[in-house]
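Please take me through this fold.

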Amino acid sequence: MSRAIKHLLIGGLIIMTMGVPTATTANENDLKLTIVNPRNLYDPTPNGYSTAVIVPREARVAYISGQGGQDSTGALSPDFAVQVKQAYANLRTALEGIGAKPDQVAKLTVFVVDHDMSKLEVLTRNVKEMFGEALPAQTLIPVPKLAIDPMLFEVEAVVILE
């Protein structure tokens with residue numbers, strides 16, 4: 001490696017480390033999500049989500065794998081509404097497992113088999129029951145099938161940890 005490249009690399013490392021704080025203290029408000037729903041965009045809150053969510057700089061981020069509607073024995077109801085309710089219960093259990101609460105969820109991605117508009121009421125009701133006013137950003141992806149044939153719904157989450 002040439003001498004010039006070595007100096008560039010070392011200089012870059014010095015510059016990069018100069019911007020890293022040596023100690024930070026965060027108060028409780030520093031670790032809250034900021035929900036943004038610009039007035040000049042469609043208001044998504046009646047449909048159970050927010051346009052954008054800002055994650056605090058000091059936050060650690062956790063990713064929760066897709067939670068389906070299986071109960072504790074692995075059984076799946078053939079009913080879409082039952083699966084959605086169970087999937088959100090499973091998500092709540094996963095959150096508790098990492099020491100988090102619903103208001104720490106920044107983003108949801110939901111997968112719906114054979115999605116149609118009739119399923120939106122079920123989805124909206126369940127997300128509002130779980131998140132109340134702290135609606136995370138959310139994307140719904142219609143899919144032809146999920147990992148297990150009888151699965152009709154799956155939800156994954158991005159969570160900030162305090």
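This is a predicted model: local features need pLDDT of at least 70, side-chain atom pairs count only at pLDDT 80 or more; totals for chains, interfaces and linings use all residues.

Author: Residues are numbered from 1 along each chain as its sequence is written, and side-chain values use heavy atoms, without hydrogens and water.

Reader: In what order do the four strands form the open sheet?

Author: Strands here are DSSP runs of E, at least two residues, numbered from the N terminus. Two strands pair if DSSP finds at least two bridges between them. The pairing is mixed, and the order is 3-6-4-5.

Reader: Which are the edge strands?

Author: An edge strand pairs on one side only. That holds for strand 3 and strand 5 (137-143).

Reader: How many bridges join strand 4 to strand 5?

Author: Strand 4 covers residues 105-113 and runs parallel to strand 5. Val112 stands opposite Pro142 in strand 5. The number of bridges joining the two strands is seven.

Reader: Which strands does helix 3 touch?

Author: Helix 3 (residues 120-131) packs on the sheet. Contact means heavy atoms within 4.5 Å. The helix touches strand 4, strand 5 and strand 6.

Reader: Is Tyr63 buried or exposed?

Author: Tyr63 lies in strand 3 (residues 60-68). Buried means under 20% relative accessible area, exposed over 50%, partly exposed in between (1.4 Å probe, protein chains only). Its relative accessible area is 65%, so Tyr63 is exposed.

Conventions
Axes are lines fitted to C-alpha atoms, for helices over the stretch in contact, and angles run from 0 to 180 degrees between N-to-C directions.
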